[in-house]
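This report describes one protein model for a reader who has the sequence and the structure at hand. Please keep both in view while reading.

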Amino acid sequence: MEHIENDDQFGGLTVNQGVAQPPVVNPYLRARRRRVLPSAGELVEGILKGDITTLARAVTLVESLSPDHQAIAQEVIEKCLPHSGKSRRIGITGVPGAGKSTSIDVFGLHVLRRGGKLAVLAIDPSSERTKGSILGDKTRMEKLSVHPDAFIRPSPSAGSLGGVARKTRETIVLCEAAGFNNIFVETVGVGQSETAVHSMVDFFLLIQLAGTGDELQGIKRGIMEMADGIVINKADGDNIQRAQLAQTQFRSALHLFPPTASGWSPEVLTYSGYFELGIPEVWDMIDRYFAFVDANGYFERKRSEQARYWMYETIDEQLRANFYNNPEIEHMLTEREARVLSNRQSSFTAARDILDHYFGNKL
């Protein structure tokens with residue numbers, strides 16, 4: 001490159017040529033080719049063969065927000081649906097620190113010793129500030145995470161439990177098609193996610209602790225009413241008597257609740273996840289529950305009700321997404337919000353104007 005500063009008219013000024021800049025990208029680094037998305041047929045074929053890698057890729061597409069990924073995922077789900085439904089779906093919840101992940105580790109090993117395969121779908125809480133998740137459930141399930149017949153999939157809640165719940169239900173379909181006949185769904189903790197998880201599982205297990213003060217404090221009545229079984233963890237060492245006392249208190253509390261829709265009377269048991277004590281007894285309770293609901297027809301009836309529930313939930317979700325992603329509505333929301341904040345219009349009339357405009361365009 002020639003520099004004008006080296007012309008004779010600029011006496012006493014010289015600019016050197018300099019050194020050529022190296023390339024930004026390492027010339028010895030091979031360009032990485034973008035992975036081509038597998039077709040729905042390839043994914044379904046791999047899932048039905050029980051291939052874990054293919055199953056994981058399909059779940060990633062289910063969780064993706066990309067329209068292209070969602071199109072493939074929905075096609076895969078439709079094709080896998082006839083091969084699903086042949087598993088025991090068990091929801092596991094409890095207060096933070098109750099030992100859910102440790103318990104799932106020992107429960108899972110007990111199930112696998114009896115034969116079959118196990119999938120663990122864990123909803124991990126996301127940071128409200130960064131939207132990030134640790135996704136550390138595998139580190140707390142040391143034995144299951146290396147077992148060849150176990151599949152552990154943590155999913156971030158990302159501030160939207162409803163969306164995660166729908167994707168978790170779709171993931172259950174894929175896992176069942178891959179041959180997993182036992183599905184554990186671990187929730188974030190006692191809170192709103194329990195209702196969503198309860199609507200996709202057959203048995204709802206509540207893990208509680210003893211020796212933490214008032215045993216019934218902080219447990220919402222709604223959570224206890226949903227529970228098909230309550231188990232008190234860490235019933236070992238000096239804590240055995242406190243666990244037994246908590247067991248008595250929970251049994252007394254359950255008598256105050258109305259009868260369950262299934263006709264099943266929830267049981268309260270004690271166990272120790274760390275020392276693996278009382279695990280067979282907990283699973284015997286779950287076996288008794290499934291035998292009970294199979295005999296009275298409640299199992300199939302509940303599955304049908306859940307399918308109907310998720311149809312309406314999907315309609316609600318799609319309507320909400322269509323409304324808020326409408327460019328005209330986005331503009332109107334900003335405008336009407338400013339009017340509401342400046343006290344020029346009430347919240348109710350602003351909402352009515354926006355909805356009238358939206359539905360007027362749809363007619």
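Rings of Phe, Tyr and Trp (its six-membered ring) are paired here if their centres lie within 6.5 Å; planes under 30 degrees apart count as stacked, over 60 as edge-to-face and the rest as tilted. By this rule, the count of aromatic pairs in this predicted model comes to 14. The ring centres of Phe184 and Trp283 are 5.7 Å apart and the ring planes stand at 55°, so this pair is tilted. Phe184 lies in strand 4 (residues 182–186) and Trp283 in helix 10 (residues 279–296), so the pair ties together parts that are 99 residues apart in sequence. Helices (H or I, at least four residues) and strands (E, at least two) are DSSP runs, numbered from the N terminus. Phe184 and Trp283 are both buried; buried means under 20% relative accessible area, exposed over 50%, and partly exposed in between (1.4 Å probe, protein chains only).

One aromatic cluster is formed by Phe203, Trp264, Tyr289, Phe290, Phe292 and Phe299. Elsewhere, the charged end of Lys117 sits over the ring of Phe180, 4.4 Å from the ring centre. This description requires NZ of Lys or CZ of Arg to be within 6 Å of the ring centre and within 35 degrees of the ring normal.

The model is predicted: local features need pLDDT of at least 70 and side-chain atom pairs count only at pLDDT 80 or more, while totals for chains, interfaces and linings use all residues. Residues are numbered from 1 along each chain as its sequence is written, and side-chain values use heavy atoms, with hydrogens and water left out.

The following table gives values for the whole protein.

| Property | Value |
|---|---|
| Helices and strands | 13 helices and seven strands |
| Buried residues | 42% of the 363 residues |

Helix 2 (residues 52–63) has twelve residues and spans 16 Å from its first C-alpha to its last, close to the 16 Å expected at 1.5 Å a residue. In helix 2, the residues Thr54, Leu55, Ala58, Val59, Leu61 and Val62 are buried. Seen down the axis of helix 2, the buried residues fall within an arc of 155°, so they line one face of the helix.

Glu176 is placed in helix 6 (residues 161–177). Glu176 is buried, with a relative accessible area of 6%. Leaving aside neighbours within four places in sequence, Glu176 is in contact (heavy atoms within 4.5 Å) with His83, Ser84, Gly85, Lys86, Ser87, Arg89 and Ile183.

Notes
Expected span 1.5 Å × (residues − 1). Arc of directions from axis to C-beta.
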